[in-house]
Amino acid sequence: MKMQHQPAARAAVMSDVARLAGVSHQTVSRVLNNHPSVRQETRERVLRAVHQLNYRPNALARGLAARRSKVIGVVSFDTILYGPAATLLGIERAARAAGYGINIVTLERLDRSGVATAIDALSEQSVAGVVLIAPMVSAAVAMHGLPTGVPAV
């Protein structure tokens, strides 16, 4: 028996919500960002459309528009050790509670070159910031003087 391939349903986008609610995409954006200048009736109509379409904001698109994602980059070494593993878990929980995700880069060697490469890779992903889990002084020293426009600790 030959099975036919059914195309996957397209996920709703902001313009779909706007069309269903009878508003502009800017109004949908204002509602989703809790902007105070939206009438209550309009807000409710947009939220009904969001629910009806099962709309989920696209984090990638939001990150492109803001030129900064809701992702924190974490650079770590030897995550099988209790200290780095426990620290990573704490970072992940705190990030999630604040509405952020994390992206982890695990280094094989903690040296200036490895740290610089990891931070460059994370910077290219427009992370909001970088956390270096540095179980050795040499790793923390590798952070100093690295050119980056991304907040780092």
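Let's start with strand E1 (residues 71-77), which is mostly covered, as six of its seven residues are buried. Buried here means under 20% relative accessible area, while exposed means over 50% and partly exposed lies in between (1.4 Å probe, protein chains only). Strands (E, at least two residues) and helices (H or I, at least four) are DSSP runs, numbered from the N terminus.

A word on the model: it is predicted, so local features need pLDDT of at least 70 and side-chain atom pairs count only at pLDDT 80 or more, whereas totals for chains, interfaces and linings use all residues. Residues are numbered from 1 along each chain as its sequence is written, and side-chain values use heavy atoms, with hydrogens and water left out.

Two strands pair if DSSP finds at least two bridges between them.

| Partner strand | Sense | Bridges | Residues facing each other |
|---|---|---|---|
| E2 (residues 101-107) | parallel | seven bridges | Val-75 and Val-105 |
| E3 (residues 129-132) | parallel | four bridges | Ile-72 and Gly-129 |

### Helices H1 and H3

In helix H1 (residues 14-21), the buried residues are Asp-16, Val-17, Ala-18 and Ala-21. They pack against helix H2 (25-32) and helix H3 (40-53), where contact means heavy atoms within 4.5 Å. Just after H1 comes Gly-22, with a positive phi of about 75°.

Helix H3 also holds Thr-42. This threonine has a relative accessible area of 10%, so Thr-42 counts as buried. Apart from neighbours within four places in sequence, Thr-42 touches Val-23 and Thr-27.

### The whole chain

Stepping back, the protein chain has seven helices and three strands. Read from the N terminus, its elements follow the order α-α-α-α-β-α-β-α-β-α. The chain has 153 residues, and 31% of them count as buried. Among contacts with a separation of 6 or more, 61% come from residues 24 or more positions apart. The accessible surface is about 10,400 Å², with 57% belonging to carbon and sulfur atoms; such areas come from the Shrake-Rupley method with a 1.4 Å probe, and for residues only the protein chains shown count as cover.
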